[in-house]
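Please keep the sequence and the structure in view while reading.

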Amino acid sequence: MVINISKIKTEALLLFCRDLILSYKDNNELKGYGLDKEVLIEFNNLGLTILNEINKITFSHDYYLKNSRNFRVKAILNCYDFINKEISKNLKKNEEFNPSMLYFSMLTLWFKELNKESNSKEFIYFLLYPYGTVYDKLLIGIKNVEYKNMSIKMIELAEKVIYKYDKVVL
């Protein structure tokens with residue numbers, strides 16, 4: 001049996017991003033940073049759109065739990081755990097973070113910078129996504145310096161984790 005390691009890692013990354021989006025999707029704590037309502041709406045819309053696309057190409061949580069003994073699913077779950085542990089290890093306890101910028105940066109690095117799955121039709125949405133435009137809106141357009149610094153930390157964290165993740169051997 002031939003296993004496409006890149007697809008396994010990609011699916012695990014998408015699952016991690018899905019869980020991150022789901023865990024914060026209805027949380028509007030960004031208001032503490034004095035962000036405009038339009039920015040909050042932009043973040044929420046971005047998350048819902050990406051969540052919808054992730055759900056189109058991944059299975060339900062139950063599928064992964066019920067099939068956890070399957071070699072492919074086991075590999076996906078191991079990759080997911082790697083990402084989760086690396087994020088947890090690099091975030092200080094009770095440190096504030098921007099989950100939207102974190103998952104967005106991880107996807108950008110994986111699909112655009114590392115060019116993963118560039119020949120896969122199933123990931124076409126993520127390959128063609130206008131990441132630069134979103135960075136302009138959600139980073140450069142932000143006036144709150146504290147929030148901007150936190151977002152930059154998320155980009156740096158994503159770089160650290162994704163580059164290490166790319167080198168993981170299954």
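## Terms and confidence

A residue is called buried when its relative accessible area is under 20%, exposed when it is over 50%, and partly exposed in between. By that scale Tyr-63, at 27% relative accessibility, counts as partly exposed.

The model is predicted, and the protein averages a pLDDT of 89, with 93% of the residues scoring at least 70. Confidence is highest in helix H4 (residues 71-90), at a mean of 97, and lowest in helix H7 (residues 131-140), where the mean is 81.

## Aromatic rings

A search of the whole structure finds 15 aromatic pairs. In one of them, the rings of Phe-59 and Tyr-63 are stacked, because their centres are 4.0 Å apart and their planes stand at 25 degrees. Phe-59 also pairs with Tyr-64, but here the centres are 6.1 Å apart and the planes are at 70 degrees, so the arrangement is edge-to-face.

Elsewhere in the chain, one aromatic cluster is formed by Phe-104, Phe-111, Phe-123, Tyr-125, Phe-126, Tyr-129, Tyr-131 and Tyr-135. Charged side chains also meet rings: the charged end of Lys-9 sits over the ring of Tyr-165, 5.7 Å from its centre, and the charged end of Lys-116 sits over the ring of Trp-110, at 5.4 Å from the centre of that ring.

## Cysteines

The count of disulfides comes to 0. For Cys-17, the nearest cysteine sulfur is that of Cys-79, 13 Å away, whereas a disulfide would need the two sulfur atoms within 2.5 Å. Cys-79 is likewise in no disulfide, the nearest cysteine sulfur being that of Cys-17. Cys-17 counts as buried, at 0% relative accessibility, and Cys-79 counts as buried at 2%.

## Salt bridges

Side chains of opposite charge can pair when their charged atoms come close, and in this model the count comes to 6 salt bridges. One of them joins the side chains of Glu-11 and Arg-72, with an N to O distance of 2.3 Å. Glu-11 lies in helix H1 (residues 5-24) and Arg-72 in helix H4, so this pair ties together parts that are 61 residues apart in sequence.

A second salt bridge, between Glu-53 and Lys-56, has an N to O distance of 3.1 Å. Both residues belong to helix H2 (residues 37-57), and because they are 3 residues apart, about one helical turn separates them. Glu-53 is buried, with a relative accessible area of 16%, whereas Lys-56 counts as exposed at 56%.

## A charged network

Lys-164 forms a salt bridge with Glu-86, the closest N and O atoms being 3.3 Å apart. This pair links distant parts of the chain, with Lys-164 in helix H8 (residues 145-166) and Glu-86 in helix H4, 78 residues apart. Lys-164 is partly exposed, with a relative accessible area of 40%, and Glu-86 is buried, with a relative accessible area of 8%. Through salt bridges that share partners, Glu-86, Lys-89 and Lys-164 are joined into one network.

Conventions
Residues numbered from 1 in each chain as written. Predicted model: local features only at pLDDT ≥ 70, side-chain atom pairs only at ≥ 80, totals over all residues. Heavy atoms only, no water. pLDDT = per-residue confidence, 0-100. Helix = DSSP H or I, 4+ residues; strand = E, 2+ residues; numbered from the N terminus. Phe/Tyr/Trp six-rings, centres within 6.5 Å; stacked < 30°, edge-to-face > 60°. Buried < 20%, exposed > 50% of the residue type's maximum accessible area, 1.4 Å probe, protein only. Lys NZ or Arg CZ within 6 Å of the ring centre and 35° of its normal. Salt bridge = Lys/Arg side-chain N within 4 Å of Asp/Glu carboxyl O.
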